[in-house]
Amino acid sequence: MPNSTTAGGFLLVLAIVLPVVGVLLSLPLGGRYAQRVALILMPAGLAVAVAIAVGVWRTNDVLQYFVGNWDPPLGVAFRADGLSAVMIVTAALLICGIGLFARAQFPTPHGAEARAPLVFWTLLLAVWGALNAVFIGGDLFNLYVALELLTFAAVPLVSLDGRAETLAAALRYLLFALLGSILYLLGAVLLYGTYGTLDIVLLSGRIQAGPAAWGAISLMTVGLLAKAALYPFHLWLPPAHAGAPAPASAILSGLVVKAPFFLVVRLWFDVTPKMPERIAAQVLGILGAAAILVGSVVALRQARLKLLIAYSTVAQIGYLFLMFPLAIEPETGHAWASTAWTAGMLQAISHAFAKAAMFMAAGLIAEALGHDRIARLSGIGRALPITVLAFGLGGLSLMGLPPSGGFVAKAMLLTAAVAEGQWWWAVVVLTGGLLAGGYVFLVLARALADASEPVTLRSTISPGRQAVVVALALCAVLLGFVPLRPLELLQIGRPDIAIGGLR
Amino acid sequence: MSFALDVLTILAVLTGSFFFLAGTVGLLRFPDSLSRLHALTKADNLGLGFVILGLLFQAEGLFAALKLVGIWLFALLAGATVAQLIARTARMSGSTM
Amino acid sequence: MAFDIGLATLVLGVAAWTIAARDTFAAVIGFVAFGLLLALVWVRVAAPDVALAEAALGSGLTGGLLLSASSRLAHTNGSAVIEKPSAIMRLAAALFCTLMSAALAAIVLLLPEPAPTLAPQAAANLAATGLGNPVTAVLMAYRAIDTLLEVVVLLLALAGTWSLAPDHLWGGLPGRGDPVDRGGVLTFDAQLLVPIGILVGIHIFWVGSVAPGGEFQGATILAAMWILAMMTGLVDAPGVSGRWLRLALVVGPAVFLAIGLAGFALAGAFLAYPESHAKLVILTIEVPVTLSIAATLALLVAGPPNRALK
Amino acid sequence: MSDATLYGVLGAVLVGLGLFGLIVHPQPLRKILAFNLIGGGVFLLFGVVARRGASAGLGGDPVPQALVITGLVVAFAATALAVALLLRLFQETGRATLRSDDSPP
């Protein structure tokens, strides 16, 4: 670990500053410019993201920046390891895709500024900046501020339509998120009181198993789980994600819930590498398994497409937490643990692309039909073939069928589960895949069925928007073809887990 | 000298405390909002005045003394305003709270 | 010690009242008292800066916000009685929370001795910032990035609050528009207090570089004065699309960010200040930041646009 | 038991008390109030950590003290947004509760 700012560390500052500049420009320039500001900043932000990934890949080490030249523990550090780099690039690609998709839905108004476009474009940038701050945060309190930034950017997106039920959903989301943040902060307080630092790297050197460390990590984990909507904290998610406008749902389901998950990974693998946590990891795995089963079964029973997709998010978040019992397994060595760890992260990324594509496809379908009742989707496959194709491609990842990133992730989870003798997780993965197959085919069967009368579309859907959706879905598919090299990128900066386990 | 000041402080603060106590008893025992307000604002403002007076004997310098007096004046202003508003709300809603 | 035990007991009692009170309005009153007592506790733990922030923000502004909300929701109390969780649920919750408190208290009692601290480092580097108040040095120099992001958090909260307006009222004015207590004692008060309050707010902000105080505490007082003036109709709330208002809201974070970026060139790092002029640079940031925070806080209390622009 | 420890225990109790309120009160406004109580407890614990770290001629460690100020501002912003959402919900529906059967159409 470098002990000063590294070359290229300034890129990390830019990753946060660029979106923030956008927010600060959008408000005074007003709604007539908000979209333009966002669209101009997107390529720049994407370039910064790619540059960070290239920097990490080239130097084969962590990028680091000490803000204001104040060294931790007094100052705040930003750090990007391979995992951060991959998440930053994922977020940048998705934000750009969602931005292109949303141009038609939140257009620049003629005349006076309008509410929804201004709020959407400003908050889209804010979500982006907050995500980057979470991915590169090296200080537990700075991460708390980043989490709050994310909350305040995400909650208003839920109620952007202003319908009463979305207001209730947004309020419930906010209350869960606030409880999560305050528990996280409480844990950080205990860690500071015990070890005198909030810096992750310094902390990992000082932390020892004991009541304070255990209490702190438990509180922070529970808080983050509430924000990540892991079972049994999942109840807020479906109404919030299903009630938001489609591009906002894509951000929320694809990216926003990954941020607290990412921090759980940080905590468990980077802050506490020296604490044996097998039982706690099993608990996380059990909650994940419950999420998979409950989420999938409830998804099967939904009458509305967006709610079905939202419940499928509940289930797919469950997979993320299966990596904990498999990756934290000191006795069998790290060979398979590394496989499970990579599988978890790959699942996070491929689900991000797949779910964003599916929510936006659902949005297009709802826009075209004027409703999203699954029972009345017949004929839409003929009317909007590309959109339905995108939905299906996203579905491949959810089910874990080849070729897709979800397939590789789930296959790796299965391998690790069997190799480590924890076969019960394999059963869960397979059952979850079957159930996901059930709800995806339920939708596809309806959509591809011939309608008794030809479908009349309420509005025409531009090919450009469909192309964006299918492109994001293809990203999820392509993740199944290019596994090895990016996966090595994921391991940069992790001394504990040998890359050998992948081969 | 300082002993005499201390005695004065103790006397004044005790007197102030007595008025506070009286005001609080009034708040708890009086039957309706208006008389409760009467007990509270009058007695407590006087009580605070005595406490401040007592502290003035201990004040270090003119500026500190002015600050203490300022506290009393602001408390008077706030008390008077709030009492007015509560009294009017009580009268308009006709409640006995 | 006796005083501390008494104070702690009082805080606990008021907090319990806040949770247990039947009536929401009464609970909110309890919360305001709780905040004020907590400010005293902050003085007792040698944190006067936090005491000021707690009294102004935690008790004052939050209390005002909750009071007005509870009076607007006053007649919805009844419906909630039906939806109360069952006695068994409540008992389980009480048990769980007691255990949690006990565990936390145990961890506090087991905290290491001597306690780890960054106080020596914060004091040693104080000279490099040109400041005399180490808390302000943490906020404006050592961890300036937290403060910068936090001002953005405030802005986002305001954008989120505004986003709740119905579409046709976008650009309109927040609040109800009818001054409370027209020509009454509150208006008189506002006329008297607002100028004094503005002076006090500026003073609190200004002394923050050397003594307890700072931009957040000062800005809160300024915000309170604006709220008082809006409540009593001395000034009307601004329309949310006004160019000047928007500029006032972002000028603080924008200057902060600009100077932070200039640090790349002038001091070798983002949010680093040239040592010879550190204090001047920090003040240059603090003045607009105070203005922006004050405006944001006041408008957060005022709420989403509620009336069409005249 | 020192003063700092006394207030530390107070902070711990406040967190539990607030959490209880958050769980058992059905009205969102009471939940928001309870959330602020939890916040008060957490911040107080941080203040106790700061007080215990008094050294170098300072009455307390300034780092946690500054972080508490940041936290207070964030908590206020959260309260303001939550209250705005709640009042808007009340305006739209005439009720101020969150029922579990709320679902989008």
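Trainee: Which residue just after α12(C) takes a positive phi?
Mentor: Keep in mind that this is a predicted model. Step just past the end of α12(C) and look at the backbone there: phi is positive, at about 85°. The residue is Gly268(C).

Trainee: What do the buried residues of α12(C) pack against?
Mentor: The buried ones include Leu249(C), Val250(C), Phe256(C) and Leu257(C), and also glycines such as Gly260(C) and Gly263(C). Some of their partners are in chain C, and one is in chain A. The elements are α9 (144-162) and α13 (278-302) of chain C, together with α1 (10-29) of chain A.

Trainee: Moving to chain A and chain D, which helix gives the largest share of the side of chain A that touches chain D?
Mentor: Here 27 residues of chain A are in contact with 30 residues of chain D. On the chain A side, α5 (140-158), α6 (164-195) and α9 (237-243) each supply at least two residues. That side divides into 21 nonpolar, 3 polar and 3 charged residues. The largest share is 19 residues, and it comes from α6(A).

Trainee: Is chain B spread out or compact?
Mentor: Chain B has 3 helices and 0 strands, and its C-alpha trace spans about 55 × 25 × 10 Å along the principal axes. Its radius of gyration is 16 Å, while the globule rule gives 13 Å for 97 residues. The value is well over the rule, so compared with a compact globule chain B is more spread out.

Trainee: And what percentage of chain A is buried?
Mentor: Chain A has 20 helices and 2 strands. Its radius of gyration, 22 Å, is close to the 23 Å from the globule rule for 503 residues, so chain A is as compact as a globular protein of that length. In chain B, buried residues make up 12%. For chain A the value is 67%.

Definitions and conventions. Residues are numbered from 1 along each chain as its sequence is written. Chains are lettered from A and ligands numbered from 1 in the order in which they are written. This is a predicted model: local features need pLDDT of at least 70, side-chain atom pairs count only at pLDDT 80 or more; totals for chains, interfaces and linings use all residues. Two residues are in contact if their C-beta atoms, placed from the backbone, lie within 7 Å. Helices (H or I, at least four residues) and strands (E, at least two) are DSSP runs, numbered from the N terminus. Ala, Val, Leu, Ile, Met, Phe, Trp, Tyr, Cys and Pro count as nonpolar, Asp, Glu, Lys and Arg as charged, and the others, Gly among them, as polar. A residue is buried if 20 or more other C-beta atoms lie within 10 Å of its own, exposed if 12 or fewer, and partly exposed in between; C-beta atoms are placed from the backbone. The radius of gyration is taken over C-alpha atoms; the globule rule is 2.2 Å times the number of residues to the power 0.38.
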